[in-house]
Amino acid sequence: MDSTQTAGAQRRVLVVEDDQTITQAIAARLQAEGFQVRTAGDGPTAVEAAHAWQPDLLVLDVMLPGFDGLEVCRRVQADRPVPVLMLTARDDETDMLVGLGVGADDYMTKPFSMRELAARVHVLLRRVERATEAAHSPRGASIQLGDLEIDHAQRRVRVRGSDVHLTPTEFELLVCLAQQPRAVLSREQLLAEVWDWADASGTRTVDSHVKALRRKIGAERIRTVHGVGYALETPAQ
């Protein structure tokens, strides 16, 4: 599609994967979408490439020679914030939470479709563009809910006066919940508004991100409504 080609134009994606068959398939699909693509097959090479090439996004496998994708993510994020789509061979929520904890924005479990991977890359980059626009927008007001403060303009979150580092995805999720405090938002609503997906099969992604967000801002702030979704609570003063 022409709009997809335009969206990918000039954007750089570093694909970090030690399986050459998967690497070539991902690279071919992303190049077809209009992205510039480079690849790396191990941890040290990936960190060097990210530093030298300054990609707009990383597609990053967890299991790598040298050192693993989690360490790659830590080192790259310490150098420069960049959205990361993490690939994992196991459908293990612990792995997913660890990945989100070191700065990954999203994850996919192998095997996956190249169409879905390309869609997720586009979504992550659109989110970064929205964040940049919001940072330069005069309407970036703050949201104050008890001792939780969300600063739109600076993309900063404070809990009890202390800064809390959130990934772009976690920030968008928190803002979505905070715009309707105490209202219960379904997983499907959150998936559509934060991830731009309409596919209910991705609701587990919402659950994993909520767990990661709870660990950063406090578990008591996000209430689970079983079978429905989540609500952001204002703690009693």
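This note walks through a predicted model of one protein chain, point by point.

1. **Overall make-up.** The protein chain has 237 residues, and 49% of them count as buried. Its secondary structure consists of nine helices and twelve strands. The accessible surface is about 11000 Å². Carbon and sulfur atoms account for 51% of that surface.

2. **Contacts along the chain.** Take the contacts between residues at least 6 apart in sequence. Of these, 60% join residues at least 24 apart.

3. **The largest nonpolar core.** This core holds 29 residues. Which members touch the most others? They are Leu174 and Leu232. Several elements give two or more residues each: strands E6 (142–145), E7 (148–151), E8 (156–159) and E12 (229–232), together with helices H7 (168–178), H8 (187–195) and H9 (203–217). H7 supplies the largest share, seven residues. As a general point, nonpolar side chains in soluble globular proteins tend to be buried together.

4. **Leu174 in detail.** Leave out residues up to four places away in sequence. Leu174 then touches Leu148, Ile150, Val157, Leu166, Leu213, Ile217 and Leu232. Leu232 is, like Leu174, one of the two core members with the most partners.

5. Another core, of 23 residues, lies apart from the largest one. Its members include Val16, Ala50, Leu64 and Val84.

6. The UniProt record, an unreviewed entry, annotates Asp61 as "modified residue: 4-aspartylphosphate". Asp61 is in strand E3, residues 57–61. Is Asp61 buried or exposed? Its relative accessible area is 3%, so Asp61 counts as buried, the cut-off being under 20%. Neighbours within four places in sequence aside, Asp61 is in contact with Val16, Glu17, Asp18, Gly69, Leu87 and Lys110. Val16 is also among the residues of the 23-residue core.

7. **Tyr230.** This residue lies in strand E12. Tyr230 has a relative accessible area of 4% and is therefore buried. Its C-alpha atom is separated from that of Val210 by 8.5 Å. Tyr230 and Val210 are 20 residues apart along the chain.

8. **Rings and charges.** How many aromatic pairs does the structure hold? The count is zero. A charge does sit over a ring, however: the charged end of Arg75 is over the ring of Phe67. The distance from the ring centre is 4.2 Å.

Terms used. Residues numbered from 1 in each chain as written. Predicted model: local features only at pLDDT ≥ 70, side-chain atom pairs only at ≥ 80, totals over all residues. Heavy atoms only, no water. Helix = DSSP H or I, 4+ residues; strand = E, 2+ residues; numbered from the N terminus. Buried < 20%, exposed > 50% of the residue type's maximum accessible area, 1.4 Å probe, protein only. Contact = heavy atoms within 4.5 Å. Areas by Shrake-Rupley, 256 points an atom, 1.4 Å probe, with all protein chains shown as cover. Core = buried A, V, L, I, M, F, W, Y, C linked by side-chain atoms within 4.5 Å. Phe/Tyr/Trp six-rings, centres within 6.5 Å; stacked < 30°, edge-to-face > 60°. Lys NZ or Arg CZ within 6 Å of the ring centre and 35° of its normal. UniProt positions renumbered as here; feature names shortened; annotations may be inferred.
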